[in-house]
Amino acid sequence: MNLPRLEFGSLLSYAPRGDSPRIMHSRDVMYALKKDGFVGDPPILMSQWVAQTIQQNRTTLQFASFFQPNTTLVPTPKSSLMQPNTLWVSMRIATALVGVGLGKEVAPYLVREKPVRKAALSMANERPTAIEHYESMSVQERLSRPDEILLVDDVVTRGATLLGAANRLADVFPQTRIHAFAAMRTISNPNEFDKVYVPCVGTIELR
């Protein structure tokens, strides 16, 4: 893989371990995100809440520059093969973002050709690597080259999916700038968890 690192932004955080009220609340938010459930009053879909929150706070978010008028948003594939009527949360988030003017279009360039282990159900040392994700995906043919690509995912932990996907896209679009956005990031150490709403920018590096 020719892309050893990838810059990403995220809006929210959660901790998979710990039993404090704040951590337990963060997991409730994560579950709502994973099923794109309704939140707020009046209720809106979680994907729409993410998009509206970014749009309303765009001037202060560190990753605001990722959302340009010419940016193409690419949802990351699920770990399993896509089936009819399957909930694809990354696609929902990307569609909601473009719907509020955060990007030019949604383009499902990436296709999962063979399933990989679901990271959330695997031990840390058994989770798919970036290379495994890269090898399990393909890029659908496109007639034109996008100016900017923003990969979109629901939750990022180590970033293997995003880095594998970015490298697959970079093979086809070597001159295109690629960034990533995940609605939520995982804080593995509960002692490092602060709160749910913690917008940040980070870098995923190939191990």
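Which strands does helix α3 lie across, and at about what angle does it run to β8? I looked this up in a predicted model, where local features need pLDDT of at least 70, side-chain atom pairs count only at pLDDT 80 or more, and totals for chains, interfaces and linings use all residues. Residues are numbered from 1 along each chain as its sequence is written, and side-chain values use heavy atoms, with hydrogens and water left out.

I found that helix α3 (residues 89–99) lies across β4 (71–75), β5, β8 (148–156) and β9 (177–186), at about 130° to β8. Helices (H or I, at least four residues) and strands (E, at least two) are DSSP runs, numbered from the N terminus; axes are lines fitted to C-alpha atoms, for helices over the stretch in contact (heavy atoms within 4.5 Å), and angles run from 0 to 180 degrees between N-to-C directions.

Next I traced the sheet, which is open, has six strands in the order β5-β4-β8-β9-β1-β10, and shows mixed pairing, where two strands pair if DSSP finds at least two bridges between them. Its edge strands, β5 (105–106) and β10 (197–205), each pair on one side only. Strand β1 (residues 5–14) runs antiparallel to β10 and is joined to it by seven bridges.

I then turned to salt bridges (a side-chain nitrogen of Lys or Arg within 4 Å of a carboxyl oxygen of Asp or Glu). R92 and D36 form one at 2.6 Å, N to O, which links helix α3 to the loop between α1 and β2 (38–39), 56 residues apart.
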